[in-house]
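Dear colleague,

Please find the structure below, handed over for your study. My notes on what was found in it follow directly after.

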Amino acid sequence: MKKQRARWISLILVLAMLVSLAACGGKPADGTTKAAEGGEGTQAPAGPAGGETQGAGASAAEQVFKFFLGNEPATVDPWVNNSGEAGVLVAALHEPMLRKTNDGQGWEPALMTDYQHNDDYTVHTLTLREGAKWADGTDITMDDVVGSFLRVLNPELGSAIAYKYFVIAGAEAYYLGEADESQLGIKAVDGQTLEITTAEPCDYFVDYLTAASFAPVSQAAAAQYGDTYGTDADKLVASGPFKMTEWVHSNSIVLEKNENYWDAANVTLEKIEITITSDSNTLQGMYQNDELSILKVSDELLAQYANENIVDNEQLRLTFIEFNPNTNEYLANIKIREALSIAFNRRAFAEQVMHNGDLAAYGLVPVGVEGLNGGDFREQAGNIVTDASDASEIERANQLLEEGLKEIGKTKEEMAEGFSIQCLESGKTQAQAIQGMWKTNLGLEMPVSVLDFNVILPMLTEGTFDCVIGGGQDSDYRDPQGFMQFIYDEGKWDNAEFKGLVEKAHTQVGDERIQTWMDIERMVLENFIYIPQVYATNHFAIKSNVQGLAIFNYGYQFDFKYVTITE
Amino acid sequence: MAKYVAKRFVSMLITLFLVATITFFLMHAVPGQPFEITRETPESVKQALYEQYGLDKPLFEQYLIYMKNLLRGDFGVSMKYKSQSVVGTVTAGMPVSALIGFGGVLIGCLIGSVLGAVAALKNKGFVDYFVIVLAILGVSIPNFVFGSLIQRYFAVEWQMFPIQGWRGWQYAVLPIMAAAFTNIAYYARMLRTSMLDTMGQDYIYTARSKGLGQGEIVRKHMLRNSFLPLVTSLGPMCAGVLTGNFVIEKIFNVPGIGQSMITSIQNSDYTMIMGLTIIFSFISVVCYFIVDIVYGLVDPRIRIAG
């Protein structure tokens, strides 16, 4: 009897050990089979036992959208927030001046009913909607609009994004206390008409007007809460389709429909439940049990969600390798830089790291930015750099490397010891992949060193790095300038022709301006300091009962206004 | 006793002062700042931000200002999450962490002690091997594996408990289970070793030769003596409980205090790092102090003199 019991318990123990072992090693495999089992019916994998955790079940048409954030937002103040992720909440709570259309291409009236500009895009005139109200029922006035600009340009607010408003004439001087309100390019012509003057011609200014960061805040609330505006559920007054009713810090947020919203009639969603967690297992489990309407799927997990409704969202974002020619003797040689650029096989890299070869970047500006005559910039500018995906190029790379090394009188062995490849923890796989390509194609093996963001950032801005992999550039507006201006601003590249071209572009509009940026792009790329890697892309699994969710590739990522839950 | 308490109190203050000072300078030696700076941030804005946060002043002056506020009992407000004060964060998060932590310790201690005691009494028997295996599992399976595992089965697959969140008692079950697991293994192993040690002592033979029954020997002599190391470990354990468990809180998305410390360090949130460090150190010191006194109650031999 006793023996038998002992045998049973030991069996259980062995099982327990096996299960825990499986948990250690076999996670992805486990998931794959699950998706396969699900087949067509993956929408309802929960089975009959569903009721316990979440009372949803029967009434599928309940207008609740279940969303997630990876990190606790520091604030939802449009004028202070600098997190792309939190921008989604900002735009749901605060009505932007204009709203992006759901396809992300155009704009539709929002807080402003009309937008006009002069011929050279320096004066932008907007008409404030009559009768628009804050969530507390008070009117949204021109004072709120103008006051929002004055507030962010006051250094006392401590907004880390104040510089984004320097696009407005006189804004920087006002921020520095060198100009007064009358010199600022923000004027209320009358109670309904706002005139914004930009510091220079700005034909992409509409992308500022649709941004969450240009959504006015109530001046009464701003005065009351100061720099804590937007940091708690009761410290903000909404103007957008939703208002915040609960914020359990670092845990969850609840948004509910704002009945005082000017277009409330067209908002069907009643509630948005937001879970704040970065634990991917937790998020996947929630999605499986219908506790999330949307899930961000990483490149590695894509196969596992093959049967789900997956939306690919190509971001206006470029990652690149950056060389430092100023302090590193090897990288000071342009032939060596070009050799390294060629030996980096972008296509293979994009396939390996992102499982999609088409994301390989052969230019600085991603697909989706307007070019000449309303076409696509990237298509028109074409592939500018070449690389080892064309096998004959490898020979040329080796030749360049040899010549370059001869010029500076060094050997490959010395070069491999001469510098290290620097990257963030998140870019380690990328760096190792590139390290491997340089080794196979050129016989050079530089070490990879992983650094903290706060260590790498000053190295980049002060120019004390050697070779940084995985750096990125995205833009709040769909314009080539957003992907190259930073090179000029950082001032590390002291080249008169380059500087002249950038300055010229800032005086131009339309196709002329675009053409100048095309020239600048070619010039930058032919100097082999910024070596494009890939264009970024996100994948989202979305439940089939979600309709009307807008996903954008620049600025804030989602618009919930027109979301409806069907079935 | 009063003299002892007074002495401990003074040494506690010195400890806290040293902790605060060292943390302050170490924290500022780490690169980073509480607000986000990107490659695009112009110098003028950076400058204004440093001034706004008072970080443009010499470090020692910042230190004096902080210490002065601290003496007034003002721990300040988070530099990153501006509506969250240090004290508010602690009072909101600590009870949650404490519930999960003490739940875990209590269950772990109860089950663990019983298992450990039985294992020792039935040395080399089945329960003994069970405890040994359990102890190895408990120590070697990290929390994030066990936590994710029970989440996967109890919440996602069988839907007995919620996956994550904090809206009622049922939300505490899985986190407590996760917290208890390591504790069961830990206490079982500890009590087993301690009991085996005690069993070989001369006074047990004395008790036996006196003619005491097995039950009485176990209760009066063995257990009491075997619990000593357990009591010692309770002090730091309690401090650990109050300061939260980052991994469990993250997996089950529980708004405890464990996450606050980690995120504040990631954010270079100076006031929050300082405040939490000082409060956590205070708790540790107090817990050790209490253990010292309890120690005396359990074992009269080391009752504090004076």
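In this predicted model, the domain assignment of chain A gives two parts: domain 1 (64–290 + 543–565) and domain 2 (315–538). The C-alpha centres of domain 1 and domain 2 of chain A lie 34 Å apart. Where these domains meet, 12 residues of domain 1 of chain A are in contact with 13 residues of domain 2 of chain A. On the domain 1 side of that meeting, 6 residues are nonpolar, 2 are polar and 4 are charged.

As to its secondary structure, chain A contains 18 helices and 20 strands. Of its 567 residues, 43% count as buried. If one takes the contacts in chain A with a separation of 6 or more, 67% of them are between residues 24 or more positions apart.

Please also consider the confidence of the prediction. Chain A has a mean pLDDT of 87, and 89% of its residues reach 70 or more. Over residues 9–59 of chain A, however, the pLDDT is below 50, although this stretch has 41 contacts in the model beyond near neighbours in sequence. Where pLDDT is low, the predicted coordinates should not be read in detail.

I turn next to the interior. In soluble globular proteins, nonpolar side chains tend to be buried together. The largest nonpolar core here holds 214 residues, and those touching the most other members are Val90(A), Leu93(A), Ala339(A), Ala343(A) and Ala188(B). Helix α7 (residues 170–199) of chain B supplies the largest share of this core, 15 residues. The core also draws at least three residues from each of domain 1 and domain 2 of chain A.

Finally, how many residues does each chain bring to the contact between chain A and chain B? Chain A contributes 50 residues and chain B contributes 44 residues. On the side of chain A that touches chain B, at least two residues come from each of α1 (2–25), α8 (280–288), α15 (453–462) and α16 (485–490). The largest share of that side, 7 residues, comes from α1(A). By residue type, the side of chain A that touches chain B divides into 21 nonpolar, 20 polar and 9 charged residues.

With kind regards

Technical notes: Residues numbered from 1 in each chain as written. Chains lettered and ligands numbered in written order. Predicted model: local features only at pLDDT ≥ 70, side-chain atom pairs only at ≥ 80, totals over all residues. Contact = placed C-beta atoms within 7 Å. Helix = DSSP H or I, 4+ residues; strand = E, 2+ residues; numbered from the N terminus. Nonpolar A, V, L, I, M, F, W, Y, C, P; charged D, E, K, R; others polar. Core = buried A, V, L, I, M, F, W, Y, C linked by C-beta atoms within 7 Å. Buried ≥ 20, exposed ≤ 12 C-beta atoms within 10 Å, placed from the backbone. Domains from an automatic or database assignment. pLDDT = per-residue confidence, 0-100.
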